[in-house]
Amino acid sequence: MFSLMKDLIYFDNAATSHPKPESVYLAVDEALRAGGSPGRGGYRQALTTERLVFETREALAELFNVPDSENFIFTPNATVAINQALFGLLSAADRVVTTGTEHNSVCRPLRALQDRGVEVVKVGVDRSSGCVAAADLKAACMEKPTRLLLVNHCSNVSGALQPVLELGGWCREHNILFMVDGSQTAGCLPIDFQQLAVDLFAAPGHKGLLGPQGTGFLYVRQGLELIPLIYGGTGANSSSLLPPEDLPERLECGTLNLPGIAGLKAAVDFLRQTGIETIRKRETGLVEMLVQGLQAVPGVTVYGPEKIDLRGGAISFNLNGWDPAEIGFELDQRENICVRAGLHCAPDAHRSIGTYPQGTVRVSPGYFSTEAQVERLLSVIRRFSTERQSN
Ligand SMILES: Cc1ncc(COP(=O)(O)O)c(C=O)c1O
């Protein structure tokens, strides 16, 4: 079904990372062939899968510097993690402060919760950088009693990193819960949940964490209680009609994606062996090369922060005379280069930087991208620029 293209240049790591470390493919294959399901039997094969799931939680707890691994809930992606957090926490009359640069996986559940009487306040971002000011978020939280401050760590559109380190401690002092959508940063930046003072953190396993699609997690701070989003079998307390009291089972029912989790474990092991600092350095080098190279092309506008250390891995741009969708199509069809064009499931983020409704072309290199691939993309964009200017 898939033809593996050898010369493919993949610059859509903000959607899902590709390729994965070799060990991830092997781990998925091994788990799928071995069989068995955690919590679904007392025989050795089932117990082996239980151990694997436990070890994956432990690996995540170590990566994010948390003492208790049961606070990591496996989900199929970041979206389910975010929905579990928001629907599990918020009810009528609660107030949430968030930013004007969130993904639809935050905006849509919040919109649905508004119909249930939740008040949602969106704080605007700086139009040129895409960054939100910590002071503006704090001021919005102080206007009225606020239950939750929810911030996207890094925009999947502008690539802007938000000042999350300035917020968690402040929220704790003011008795406000703090949640971070780490979809674009988990695995890409060093993140310490204790230092972040975060109550809830949602992440996909399939982007920067380099695991397979169908994986993700929600971290729930010890002692914070959420109402389950999904009800069903957990393999424990089967005689009760109520969900188990304890994490992770309380929020994790139905058969787990064992091959995915096995792949995620191999991916997290790879990240720990490689070192997140090394990954960040490599990706930042590629991002810098792309930003500078694109900025030098006549007719190109690059969005997002000027300062490279305020950027994550996604770079958005537009080229005069071209529709972003047209660039995406031409890069795919003529050049074998995968980028993403359009709104990237984040219309608010585009409104905030002035690129709604046409969107942008988004380039997102990953750890396995190369300088030669970046140079190739830049040479094609230079050609596109020349083609339209001479017409
Ligand atoms: C900032 C942000 N939040 C949430 C998501 C949703 O992630 P998932 O596709 O794993 O549900 C994405 C995916 O692009 C994202 O970039």
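A polar side-chain atom of glutamine 184 lies 2.7 Å from an oxygen atom of the ligand, a polar contact being a pair of N or O atoms within 3.5 Å. The model is predicted, so local features need pLDDT of at least 70 and side-chain atom pairs count only at pLDDT 80 or more, while totals for chains, interfaces and linings use all residues. Residues are numbered from 1 along each chain as its sequence is written, and side-chain values use heavy atoms, with hydrogens and water left out.

**Ligand surroundings**

- Thr79, Asp181, Gln184, His206 and Lys207 come nearest of the 14 residues around the ligand, where a residue is near if one of its heavy atoms lies within 4 Å.
- An N or O atom in the side chain of aspartate 181 is 2.6 Å from a nitrogen atom of the ligand.
- The side chain of histidine 206 has an N or O atom 2.8 Å from an oxygen atom of the ligand.
- Of the 390 Å² of accessible area that the ligand has on its own, the protein covers 90% (Shrake-Rupley method, 1.4 Å probe).
- The shell around the ligand consists of 3 nonpolar, 9 polar and 2 charged residues; Asp, Glu, Lys and Arg count as charged, Ala, Val, Leu, Ile, Met, Phe, Trp, Tyr, Cys and Pro as nonpolar, and the others, Gly among them, as polar.

**Cysteines**

- The structure holds 0 disulfides, defined as pairs of cysteine sulfur atoms within 2.5 Å.
- Cysteine 107 is in no disulfide, and the nearest cysteine sulfur, in cysteine 345, is 11 Å away.
- Cysteine 107 is buried, at 10% relative accessibility (buried is under 20% relative accessible area, exposed over 50%, partly exposed in between; 1.4 Å probe, protein chains only).
- Cysteine 188 has its closest cysteine sulfur in cysteine 154, 8.1 Å away, which is too far for a bond.
- Cysteine 188 is also buried, with a relative accessible area of 15%.

Note on methods:
Polar contact = N/O pair within 3.5 Å; in protein donor to acceptor, adjacent residues only side chain to side chain.
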